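Student: Could you go through the pockets with me, and show how each label follows from its definition?

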Amino acid sequence: MEQPDFSIAGQRALVTGASRGIGRDLALALALAGAEVLAGVRAEADAAELVAEAAGRGASVAPFILDVTDVAATRAAIDAEVAARGPIQVLVNNAGLGFNHDAVDVGEADWDAMMDVNLKGLFFTTQAVARHMLAAGYGRVVNLSSQGGLVGIRRHAVYSASKGGVNLLTKVLALEWAEQGVTVNAVAPTYIYTPGTAERLDQPEIASDILARIPAGRFGTTTDVAGAVLYFASPAAGLVTGTVLPIDGGWTAQ
């Protein structure tokens with residue numbers, strides 16, 4: 001048998017929403033694995049610390065100005081990048097919004113803001129990159145979903161709807177592009193401990209309620225998410241497409 005190939009060395013990867021949290025750490029993980037990473041950010045300064053850390057560890061990360069809610073500008077930026085520096089083999093759709101609402105209090109602006117980033121922005125960014133992947137006959141798309149797209153979570157009506165859409169979009173795109181060498185998968189994390197979530201997850205009442213629902217007994221880490229993303233991005237996952245992988249410590253198994 002052939003040895004599975006988990007290497008992504010030399011591939012070019014774009015990570016959206018890479019300025020902080022999960023996206024930042026995914027960009028760093030891909031770079032440390034040998035990829036040339038474009039960190040999708042609103043402004044160059046948003047990626048300065050990430051770029052410096054990557055360089056200090058011998059890895060390659062460059063800022064890539066991107067606002068996924070601006071479809072025309074996103075398409076133009078991606079087309080220009082590919083024309084100037086070559087194909088993007090890996091796309092990690094991490095950009096997303098997440099906030100809680102009682103369903104009866106959701107306003108139209110709340111709905112539109114979350115859907116514009118989590119679903120519409122994800123789709124049109126994928127479309128822009130995938131056109132080049134399909135022409136090249138190879139690509140790896142990894143979408144950041146959530147356990148909230150697999151099971152209901154109170155006060156997450158809009159968020160869960162957006163992530164449920166991501167899950168089905170993942171399957172449809174996988175079906176359309178499988179024969180052309182482009183895989184599309186998603187990871188669905190539980191609550192991930194980051195500097196941005198620490199304020200809530202460090203509150204004993206909130207932490208105990210969440211941890212009671214996670215059989216593994218702990219919050220997720222960005223390393224947990226990165227392991228799955230690196231696998232989906234690698235040649236080893238060539239026959240895996242249309243999959244939504246929970247990274248949830250057993251939350252959705254119940």
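Tutor: Let us begin with the lining of the second largest pocket, which by class has 5 nonpolar, 2 polar and 6 charged residues. This is a predicted model, in which local features need pLDDT of at least 70 and side-chain atom pairs count only at pLDDT 80 or more, while totals for chains, interfaces and linings use all residues. Residues are numbered from 1 along each chain as its sequence is written, and side-chain values use heavy atoms, with hydrogens and water left out.

Student: What makes a residue of that lining count as charged?

Tutor: Asp, Glu, Lys and Arg count as charged, Ala, Val, Leu, Ile, Met, Phe, Trp, Tyr, Cys and Pro as nonpolar, and the others, Gly among them, as polar. Among the residues nearest the centre of the second largest pocket are Arg154, Arg200, Asp209 and Arg213, so these four belong to the charged class.

Student: Which helix gives the largest share of this lining?

Tutor: Helix H7 (residues 204-211) does, with 4 residues, a helix being a DSSP run of H or I with at least four residues, numbered from the N terminus.

Student: How is the lining of the largest pocket divided by class?

Tutor: The lining of the largest pocket divides into 17 nonpolar, 20 polar and 7 charged residues, and Gly96, Leu97, Gly98, Tyr159 and Thr197 lie nearest the centre of this pocket.

Student: Why is Ala253 called exposed?

Tutor: Exposed means over 50% relative accessible area, buried under 20% and partly exposed in between (1.4 Å probe, protein chains only); Ala253 has 72% relative accessibility, and therefore counts as exposed.

Terms used: 1 Å grid on protein atoms, 1.4 Å probe; cavity = no way out; pocket = protein on both sides within 12 Å on 5 of 7 lines; lining within 4 Å. Helix = DSSP H or I, 4+ residues; strand = E, 2+ residues; numbered from the N terminus.
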